[in-house]
Amino acid sequence: MLERFTLAVFTACLLLLLSACSTSQLGVNRGKQVQAVPEVPREFRGIWVATVANIDWPSKPGLSTQQQKDELIALLDKCVELKLNAVIFQVRTAADALYQSDIEPWSPYLTGKMGQAPEPFYDPLAFAIEEAHKRGLELHAWFNPYRALFSSNGDNVSADHISQTNPDDVISYGPYLWMVPTSELVQQRAIDVMVDVARRYDVDGIHIDDYFYPYREQDEQGNDVPFPDDKSWEAYKDSGGKLSRSDWRRKAVDDFVERLYKEVKQVKPHAMVGVSPIGIWKPGHPEQIRGINQYESIYADAKKWLNKGWADYFVPQIYWQIANPDQSFPVLLSWWEQENKKHRHVWPGLAGHFLESRFTENELMYQVRWSRIILKDDPGVIYFSMQWFMKPDYILCKQLKETLYAEPALPPASPWLDKKKPDPIAAKVTKIEDGKVIVKADAGTLVDVGWWVVQIEQDGKWTYDIKSVAKKTAKIKLADAEKKVDRVVVSQVSRTGIQSKYTELELP
């Protein structure tokens with residue numbers, strides 16, 4: 001009890017200290033200067049765009065192709081407005097596809113009918129990637145590995161859905177059908193699906209969520225209902241298997257995560273692999289933590305995956321408040337970061353959808369600030385989910401734009417993927433007028449380069465802007481239109497976040 005009380009007092013005191021600090025004091029770590037040019041801020045600012053049940057996009061099934069495109073563009077434009085830099089776009093909700101696939105049927109959340117392509121035809125994933133990259137946004141394809149079907153779609157199943165082609169590998173549990181995680185066919189199919197997307201699409205990442213084994217269903221008396229994989233379990237024992245049932249299930253998930261990481265890297269080395277487990281590994285880790293046990297309830301040993309480096313970024317969904325001692329946000333985030341033995345990215349998932357029910361906007365703002373303190377050399381967060389940020393009265397948007405996200409940021413670098421620096425960029429200052437500097441650049445292509453950066457010095461103070469390589473002209477507003485421009489420096493940044501040497505431009 002004393003430990004919990006001490007934590008609560010410490011947290012309250014720190015919140016008061018944070019609230020007294022200026023925005024600049026809480027800003028992104030800018031790092032050291034190189035060649036007398038300050039580093040541009042680095043921070044992963046991501047958001048999940050959920051398509052399951054039409055949570056975020058499209059707003060309902062059956063919209064026209066143009067309506068779907070317009071809605072998606074509006075989402076991406078909102079991300080730019082908020083100075084986010086990454087979209088985690090759900091493309092497999094339940095053994096379906098929101099892109100053209102030869103493996104799985106078209107998602108019913110597009111047209112209202114499973115297996116039916118949009119008409120006039122377009123590929124939503126290809127469109128999302130193109131439009132995101134135009135705006136300087138990363139696009140990560142998000143997959144659910146094992147969910148097979150919602151009961152609400154029970155009468156809307158196409159002949160090529162796994163429940164029809166391989167019914168022995170699908171189990172009914174609660175309101176869903178689930179693919180059996182120990183099935184070799186299920187594992188291979190999920191990996192084939194994700195590797196296929198990595199191979200054919202210019203994605204920046206492959207992302208899986210926290211639904212491995214399903215969360216426990218309960219009966220009318222409140223008792224846990226066992227996951228009904230008796231047939232597979234008996235077959236495993238009959239074949240000479242020696243593991244306990246829990247270890248057998250967990251090993252299947254471990255093997256899947258390890259294989260996925262290795263096989264994605266074989267086809268697209270620069271694409272990041274991301275995993276988003278629930279924010280508690282086991283109760284008691286760290287000591288004060290209580291609550292769900294993902295290790296035993298959904299057979300996910302996410303600590304092991306992080307320790308082994310089987311992903312490039314981990315997004316523990318820490319959907320609890322800072323001052324909640326049983327599930328304290330900073331305590332949990334610090335624990336995950338301490339388990340980061342391979343020095344990958346750890347960026348917490350934030351519960352933007354709880355703002356109207358459990359959290360205040362200040363709670364989420366402080367969680368971003370905590371992430372910057374704990375992850376000071378590699379900050380970042382991902383918000384769930386986009387629909388809330390599209391609300392015109394969503395106060396968090398206003399707060400972020402005015403304070404924490406007043407300036408853009410580059411995603412943090414991932415040097416273990418590729419340390420090679422891009423070539424220096426060729427560029428020219430064409431005009432300085434009306435309080436703006438106009439720069440034209442011969443930036444690289446999206447094959448190797450993601451962004452180019454313009455930095456401007458006036459009287460010892462620097463401003464900057466970040467542009468997609470798809471845009472060859474930058475118009476940067478001067479911090480002070482009355483002062484002369486002393487220097488304009490440009491650089492470009494690889495898809496793995498490695499920055500080129502600076503090029504100082506001649507001034508007209």
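In what order do the nine strands of the open sheet stand? The order is S12-S11-S10-S7-S3-S2-S1-S14-S13, with parallel pairing; two strands count as a pair if DSSP finds at least two bridges between them. The model is predicted: local features need pLDDT of at least 70 and side-chain atom pairs count only at pLDDT 80 or more, while totals for chains, interfaces and linings use all residues. Residues are numbered from 1 along each chain as its sequence is written, and side-chain values use heavy atoms, with hydrogens and water left out.

**Overall form**

- The protein chain contains 14 helices and 21 strands; these are DSSP runs numbered from the N terminus, with helices (H or I) of at least four residues and strands (E) of at least two.
- The radius of gyration of the protein chain is 24 Å, which agrees with the value near 23 Å that a compact globule of 508 residues would have; the radius is taken over C-alpha atoms, and the globule rule is 2.2 Å times the number of residues to the power 0.38.
- Along the principal axes, the C-alpha atoms of the protein chain fill a box of roughly 80 × 65 × 45 Å.
- Of the 508 residues of the protein chain, 57% count as buried; buried means under 20% relative accessible area, exposed over 50%, and partly exposed in between, with a 1.4 Å probe and protein chains only.

- Ile47 stands opposite Tyr383 in S14.
- Strand S5 (residues 170–173) and strand S6 (residues 176–179) run antiparallel, also joined by four bridges, and Val170 stands opposite Met179 in S6.
- The hairpin of S5 and S6 has two residues between the strands, and Gly174 there takes a positive phi near 65°.

**The largest pocket**

- The largest pocket has a volume of about 710 Å³.
- On a 1 Å grid over the protein atoms alone, a pocket is an open set of points with protein on both sides within 12 Å along at least five of seven lines, whereas a cavity is a set where a 1.4 Å probe fits but cannot get out; lining residues have an atom within 4 Å of a point.
- Grid points are joined across faces, edges and corners, and a volume is the space filled by probe spheres set on the points.
- The lining of the largest pocket comprises 31 residues, of which Lys83, Pro408, Tyr464, Asp465 and Ile466 lie nearest its centre.
- Helix H2 (65–81) and strands S17 (449–458), S18 (461–468) and S19 (473–477) each supply at least two residues of this lining; S18 gives the most, with seven residues.
- By class, the lining of the largest pocket has 15 nonpolar, five polar and eleven charged residues; Ala, Val, Leu, Ile, Met, Phe, Trp, Tyr, Cys and Pro count as nonpolar, Asp, Glu, Lys and Arg as charged, and the others, Gly among them, as polar.

**Cavities**

- The structure holds three cavities of 30 Å³ or more.
- The largest cavity has a volume of about 80 Å³, and its lining includes Glu138, Asp204, His270 and Trp451.
- Four nonpolar, four polar and three charged residues make up the lining of the largest cavity.
- Three nonpolar, three polar and three charged residues make up the lining of the second largest cavity.

**Cysteines**

- A search of the whole structure finds zero disulfides, a disulfide being a pair of cysteine sulfur atoms within 2.5 Å.
- Cys79 is in no disulfide, and the nearest cysteine sulfur, that of Cys397, is 9.8 Å away.
- Cys79 is buried at 1% relative accessibility, and Cys397 is buried at 7%.

**Two loop residues**

- Ser276 lies in the loop between strand S10 (272–275) and helix H9 (294–297) and is buried, with a relative accessible area of 1%.
- Ser276 and Pro316 are 40 residues apart in sequence and 5.4 Å apart in space, C-alpha to C-alpha.
- Ala479, in the loop between S19 and strand S20 (487–494), is exposed at 61% relative accessibility.
- Ala479 and Tyr464 are 15 residues apart in sequence and 9.6 Å apart in space, C-alpha to C-alpha.
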